[in-house]
Amino acid sequence: MVILCLNCGSSSAKYQVYDWEKKDVLCVGIVERIGQEYSTIEQKSQGKEEYDATFSAPTHKEAIDMILKMLQDPTYGVITDLKEIGAVGHRVLHGGEYFKKSALVTDQVIEDLKKVVPLGPLHMPANIMGIEVARKALPNVPQAIVMDTAFHQTMPPEAFMYALPYEWYTKYSVRRYGFHGTSHLYCAKRAAVLLGKENKDTNVIICHIGNGASVAAVKNGVCIDTSMGLTPLEGLVMGTRSGDMDPAIMPYIMHKTGMTASEMDTALNKKSGLIGICGMSDRRDVQKAALEGNAKAQLGVDMECHRLNKYIGAYCALLGRVDAIVFTAGVGEMGEQIRRGACKNLEFFGIKLDQHKNDICHCRNAEECISAEDSKVKIFVIPTDEELVIAEDAHALMEGTYDVHTNFHYSFEDPNYVNKGRARALPAQLAKHPELKEILAVPPKATINIYNL
């Protein structure tokens, strides 16, 4: 049996196929430019050549039809019949206050998701469309939704409420929800494993830094605060999003320029952050330009690090005791300059980065420890695996064994857990960069050589 994971965006559909028996990823792919004149598909299947092509996908229906077709392709596919798909897991941006954990899809669930559309007008319609299309294409297959917001629903009122008129919360559901929940969940539980502690006894600060970025404070295994809010706009400096700002800026600029509310929303979400400061959003481009003397690029880097540094310090105060700082997602896993800036002046909290370890940490195929030997707080780099969380939730819901994450055991909570795809790729990377061996993080309770070295 395989599990299909779908992540439908406004103009894209990412997918992954997970073999439940072999506990291995069979393929990953993405359809882009949905709704445009020509759409594209890329698919990478284990042991096969990469496939890419252009085709017509006016809607997500044609995109998902193409995905299902390619999964069965004799040359590039990974299954011979759609009956091999035992469950479908859908990533959903926003669960509002309707969904505090993953759920099986029913007609009522879809109706509840539609009520949340105003909280995520860009992503939610695409999420829902993907679910509806997949249900029609695979009518006898259980479908599950996994919300980005669910992990953060343990926040107390003083963390999730805004100091705004209370009726805005009761009438319009205005509150902090948080996002990147599946990533924060995965990293929180992996950090506990690397510390040799029970999840319920672990306090960690997780920095998920990609084009979108958020920080979460996790106390005794549950989220107590996070940087994103009602939407993914609040918090850190991001690729194209402003993050925290004085809300009075909006009416001020609208008055000065005549911008509409819609234009302001676009400016804050797509024209701000790093791209607003220096004209670039890809951190590789920004950091390269900064090293070459581009003052605006350096300012962007400094602003991103300053905001991260400030959030980590604030969350240290909230947690009281911090066991580990975790960096994850594309920039968190590969951006040594951002990690260095984020950890600046944190020695007072017992957080001490090893500069050499940080500088050589460029590996997405293993977990690494980059804290100094005398650091009281561990600093881990953990490659995230949101799709695995989705696959395991979908399977458990199908089997009737699922529960909230504090009562549910994931496979990756085992000290001997091995990500097979990353394990296959690691030896070649170590052959090129043998110095990586010195920073590999090994669970203290592991009874096997998880890196097979």
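## Surface patches and a buried strand

E50 is partly exposed, with 41% relative accessible area. The model is predicted. E50 sits in the loop that connects β4 (39-45) to β5 (51-55). Together with E32, E42 and D52, E50 belongs to a patch of negative charge on the surface.

W168 is partly exposed, at a relative accessible area of 38%.

Strand β9 (residues 204-209) is largely enclosed by the rest of the structure, because 6 of its 6 residues are buried. V204, I206 and H208 point one way from β9, while I205, C207 and I209 point the other way; all are buried.

β9 pairs with two strands, β10 and β12, as set out below.

| Partner of β9 | Sense | Bridges |
|---|---|---|
| β10 (residues 213-219) | antiparallel | 6 bridges |
| β12 (residues 324-328) | parallel | 5 bridges |

With β10, β9 forms a hairpin that has 3 residues between the strands. In this pairing I209 stands opposite A213 of β10. On the β12 side, A324 is the bridge partner of V204. Both V204 and I209 are buried, and they point opposite ways from β9.

Note on methods:
Residues numbered from 1 in each chain as written. Predicted model: local features only at pLDDT ≥ 70, side-chain atom pairs only at ≥ 80, totals over all residues. Heavy atoms only, no water. Patch = residues over 30% accessible without salt bridge, like charges linked within 9 Å, V, L, I, M, F, W, Y side chains within 5 Å. Areas by Shrake-Rupley, 256 points an atom, 1.4 Å probe, with all protein chains shown as cover. Salt bridge = Lys/Arg side-chain N within 4 Å of Asp/Glu carboxyl O. Lys, Arg positive; Asp, Glu negative; His and termini not counted. Charge placed at Lys NZ, Arg CZ, Asp CG, Glu CD. Helix = DSSP H or I, 4+ residues; strand = E, 2+ residues; numbered from the N terminus. Buried < 20%, exposed > 50% of the residue type's maximum accessible area, 1.4 Å probe, protein only. Pairing = 2+ DSSP bridges.
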